[in-house]
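Subject: Structure for you to look at

Hello,

I am handing over the structure we talked about. Please open it first; my notes follow below.

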Amino acid sequence: MKQLKKKDKNFLISVKNDFGFRIFFADERNIEFLEGLLKSILKLDEGEYEVIEILDPHLLREFDGDKLGIVDVKVKTKTGKIIHIEIQLQVRPGMEERIIYYDAKLITEQIGSSDKYKDLKRVISIIITDETLIKASPLYHHRFTFFDPNANIELSDLIEIHTLELHKLPADVDGTELYDWAKFIAAGNEEELDMVANRNPQISKAVVKLRELSADEKARDLYERQEKARRDFEWALDCAVEKGKRELIENMKLFGLSESEIEEILNLNHGS
């Protein structure tokens with residue numbers, strides 16, 4: 001087996017990366033850490049965690065070449081609740097609608113011609129992002145269901161959506177397990193990991209496991225390939241946007257718009 005190079009000794013897989021998150025939290029050997037994260041976010045009966053089934057649990061699979069994989073974590077609890085965890089570091093247009101559509105699909109997939117509505121299992125999505133998704137609130141964690149704010153009544157929690165915005169984490173520790181897990185996910189270096197590990201015994205164990213995973217050659221290779229595929233995808237997207245912008249400018253010039261008018265239009269479009 002190829003030996004680790006010296007320059008790779010301090011390499012650390014980031015669980016803020018969607019692929020890194022999956023190969024850490026969807027590893028059945030790390031089920032206690034997945035359970036700890038879920039308990040910090042969700043208010044479920046303790047018995048739900050007696051059985052946590054990771055759906056599609058295959059880890060360190062051989063991805064198709066260096067193509068960018070879409071990875072998330074799906075689990076099923078003891079009574080069949082479906083929990084879907086997804087990391088989207090960048091907030092893109094239509095993200096809220098996509099989340100709702102995806103959850104609705106997970107609901108409709110459960111029912112056939114002979115099934116009853118009352119047998120539908122709750123679908124819970126946890127969306128983790130490093131940008132602002134909920135613009136109207138400074139809170140880093142939100143829970144959304146079917147709710148009437150005027151009457152303060154919840155119609156149903158059949159679809160439940162949680163958002164965790166890492167960049168909104170306050171500098172001061174708020175004393176919650178969720179804060180510590182969010183800090184673990186957001187950590188960008190060894191020092192930040194050590195800070196959260198020193199105040200939380202379970203996360204201290206998670207940090208040890210993360211370092212072990214980061215030293216695994218196959219895990220590191222797949223992680224780096226996914227990162228390269230991501231960079232290539234973003235580069236191709238930027239090139240397409242830049243090409244489209246150049247063509248738009250040329251078309252506006254053909255319609256007789258001045259340089260100042262074109263600049264104003266582009267600024268307005270960027271601001272929206």
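Is Ser40 buried or exposed? Ser40 is buried, because its relative accessible area is 16% (buried is under 20%, exposed over 50% and partly exposed in between, with a 1.4 Å probe and protein chains only).

This is a predicted model, in which local features need pLDDT of at least 70 and side-chain atom pairs count only at pLDDT 80 or more, while totals for chains, interfaces and linings use all residues. Residues are numbered from 1 along each chain as its sequence is written, and side-chain values use heavy atoms, with hydrogens and water left out.

Ser40 belongs to helix α2, residues 31-41 (helices are DSSP runs of H or I, at least four residues, numbered from the N terminus). Apart from its neighbours within four places in sequence, Ser40 contacts Glu177, Leu178 and Trp181 (contact means heavy atoms within 4.5 Å).

The other helix to look at is α7, residues 217-254. Its 38 residues should span 56 Å at 1.5 Å a residue, and the end C-alpha atoms are 55 Å apart, which agrees (the expected span is 1.5 Å times one less than the number of residues). At the start of α7, the backbone nitrogen of Lys218 has a side-chain oxygen of Asp216 within 3.1 Å. Just after α7, Gly256 has a positive phi of about 90°.

Among the buried residues of α7 are Leu222, Tyr223 and Met252. Phe233, also in α7, counts as partly exposed because its relative accessibility is 43%.

Regards

How values were computed: Helices (H or I, at least four residues) and strands (E, at least two) are DSSP runs, numbered from the N terminus. A polar contact is a pair of N or O atoms within 3.5 Å; within protein, one must be able to donate a hydrogen and the other to accept it, and residues adjacent in sequence count only if both atoms are side-chain atoms.
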